[in-house]
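The following note is meant for a colleague meeting this structure for the first time. Please read the numbered points with the sequence and the model in view.

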Amino acid sequence: MIFELIEDLAKLALIVAGLYFALGAYVRRTRPDWSGPLERRRLTILSVLVLAVSAIKVSEEAIGGESGPVDQAILLFIHRHVPGALTGSSKRSR
């Protein structure tokens, strides 16, 4: 159990690091004037990447039926609080 957790965290960290370095290389190559602001906002960009990758991982596990009760509670909370216009479905009031 603990080994799987460490393995998943390592995979997620490598994905986030790869995305961050790919974004940095892309910006340096195509938009050199954005390099300064990108470096100054490093923590913000890394936080957004971590949140995005974590959300994808939790969603993947929930769809595959491998998620735990905490993951399901988080997804239910998000589902209840996201406006229907953002998901393409309309919530009918009863």
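1. Buried, as used in this note, means under 20% relative accessible area, while exposed means over 50% and partly exposed lies in between.

2. As for its dimensions, H3 (residues 42-63) has 22 residues and reaches 32 Å from its first C-alpha to its last, close to the 32 Å expected at 1.5 Å a residue.

3. The model is predicted, and its confidence deserves a remark. The protein averages a pLDDT of 83, and 90% of the residues score at least 70. Among the elements, helix H1 (residues 2-30) has the highest mean pLDDT, 90, whereas helix H5 (residues 84-87) has the lowest, 72. Where pLDDT is low, the predicted coordinates should not be read in detail.

4. Which residues form a nonpolar patch on the surface? They are Ile 2, Phe 3, Leu 5, Ile 6 and Leu 9, with about 560 Å² of accessible area together. Phe 3, which is found in helix H1, has a relative accessibility of 62% and therefore counts as exposed.

5. How many salt bridges does a search of the whole structure find? It finds three. One joins the side chains of Glu 7 and Lys 11, at 3.7 Å from N to O. These two residues are four apart in helix H1 and so are separated by about one helical turn. Glu 7 is partly exposed, with a relative accessible area of 34%, and Lys 11 is partly exposed at 45%.

6. A salt bridge also links the side chains of Arg 42 and Glu 39, at 2.7 Å from N to O. Arg 42 is partly exposed, with a relative accessible area of 40%; Glu 39 is partly exposed at 37%.

7. Glu 60 forms a salt bridge with Lys 57, their closest N and O atoms being 3.9 Å apart. Both residues lie in helix H3, three residues apart, about one turn of the helix. An α-helix has 3.6 residues a turn, so residues three or four places apart point the same way. Glu 60 is exposed, with a relative accessible area of 52%, whereas Lys 57 is partly exposed at 22%.

Key: Residues numbered from 1 in each chain as written. Predicted model: local features only at pLDDT ≥ 70, side-chain atom pairs only at ≥ 80, totals over all residues. Heavy atoms only, no water. pLDDT = per-residue confidence, 0-100. Patch = residues over 30% accessible without salt bridge, like charges linked within 9 Å, V, L, I, M, F, W, Y side chains within 5 Å. Areas by Shrake-Rupley, 256 points an atom, 1.4 Å probe, with all protein chains shown as cover. Salt bridge = Lys/Arg side-chain N within 4 Å of Asp/Glu carboxyl O. Buried < 20%, exposed > 50% of the residue type's maximum accessible area, 1.4 Å probe, protein only. Expected span 1.5 Å × (residues − 1).
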